[in-house]
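Let's take a walk through strand pairing and charged side chains. Have the sequence and the 3D view at hand.

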Amino acid sequence: MPTFKIVVSDPLSGKAIQYEVKDPLAQRFVGLRIGDTIDASILPDLKAPQGAKLKITGGSGIEGAPMVPGVPGQVKKYVILADRPGYRPKKEGERRKKLVRGNVVSDQIVQINTVLIYPEGYKGPPVIALGAKELAKLTGQGKQEAEQQA
């Protein structure tokens, strides 16, 4: 009985939000690969527009090992890494043997990272709302208030 934490990133707002998904809804994610898309209506708490999709970009297992696109299957194995995902070298050319997960979602995965893909021609507000400070920065109202106080 899998339970996943689905992290949804919104490219319009630059924010991310986390949802917990349990059976039977979680079973729909098992078997999907990194790069696959699934309808965003699978998450009822996410107020996504009609036709929006979620693209799986990665995840991590119970032990914290990241999912790597280049490792096929639902395996957990040691690979030599020189770059992301899974390793950040301290020096140029440095490589390490690290534990990673395969690119297929299994019941051993705890977190699934996704990106919200909006339908063609979407012109509405972002699904994950911006806070008051971020909204002020985008609209330029923060500068106007600072000028008025000076």
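What follows covers the model itself, then strands, salt bridges and a surface patch.

## About the model

This is a predicted model, in which local features need pLDDT of at least 70 and side-chain atom pairs count only at pLDDT 80 or more, while totals for chains, interfaces and linings use all residues. Residues are numbered from 1 along each chain as its sequence is written, and side-chain values use heavy atoms, with hydrogens and water left out.

## How the strands pair

Strands here are DSSP runs (E, at least two residues), numbered from the N terminus, and two of them pair if DSSP finds at least two bridges between them. Strand β4 (residues 53–61) runs antiparallel to β3 (residues 37–39), with three bridges joining them. Within that pairing, T37 sits opposite K55 of β4.

β4 also pairs with β7 (residues 109–117), again antiparallel, through eight bridges. Here G58 has N113 in β7 as its bridge partner. As a general point, side chains in a regular strand alternate between the two faces of the sheet.

## Salt bridges

A salt bridge here means a side-chain nitrogen of Lys or Arg within 4 Å of a carboxyl oxygen of Asp or Glu. The count comes to three. One of them links K76 to E63, with the closest N and O atoms 3.9 Å apart. K76 lies in strand β5 (residues 76–81) and E63 in the loop between β4 and β5, so this contact ties together parts 13 residues apart in sequence.

E63 also forms a salt bridge with R101, at 3.1 Å between the closest N and O atoms. R101 belongs to strand β6, so the pair ties together parts that are 38 residues apart in sequence. Is R101 buried or exposed? At 5% relative accessibility, R101 counts as buried (under 20% is buried, over 50% exposed, in between partly exposed, with a 1.4 Å probe and protein chains only). E63 is partly exposed at 35%, and K76 is partly exposed at 46%.

Then there's R96 with E94, whose closest N and O atoms are 3.3 Å apart. R96 is partly exposed at 44%, whereas E94 counts as buried at 18%. Through shared partners, salt bridges join E63, K76 and R101 into one network.

## A positive patch

R84, R88, K90 and K98 form a positive surface patch (residues with over 30% relative accessible area and no salt bridge, like charges being joined within 9 Å). K98 is found in strand β6 (residues 96–101) and is partly exposed, at 32% relative accessibility.

Key:
Helix = DSSP H or I, 4+ residues; strand = E, 2+ residues; numbered from the N terminus. Patch = residues over 30% accessible without salt bridge, like charges linked within 9 Å, V, L, I, M, F, W, Y side chains within 5 Å. Areas by Shrake-Rupley, 256 points an atom, 1.4 Å probe, with all protein chains shown as cover. Lys, Arg positive; Asp, Glu negative; His and termini not counted. Charge placed at Lys NZ, Arg CZ, Asp CG, Glu CD.
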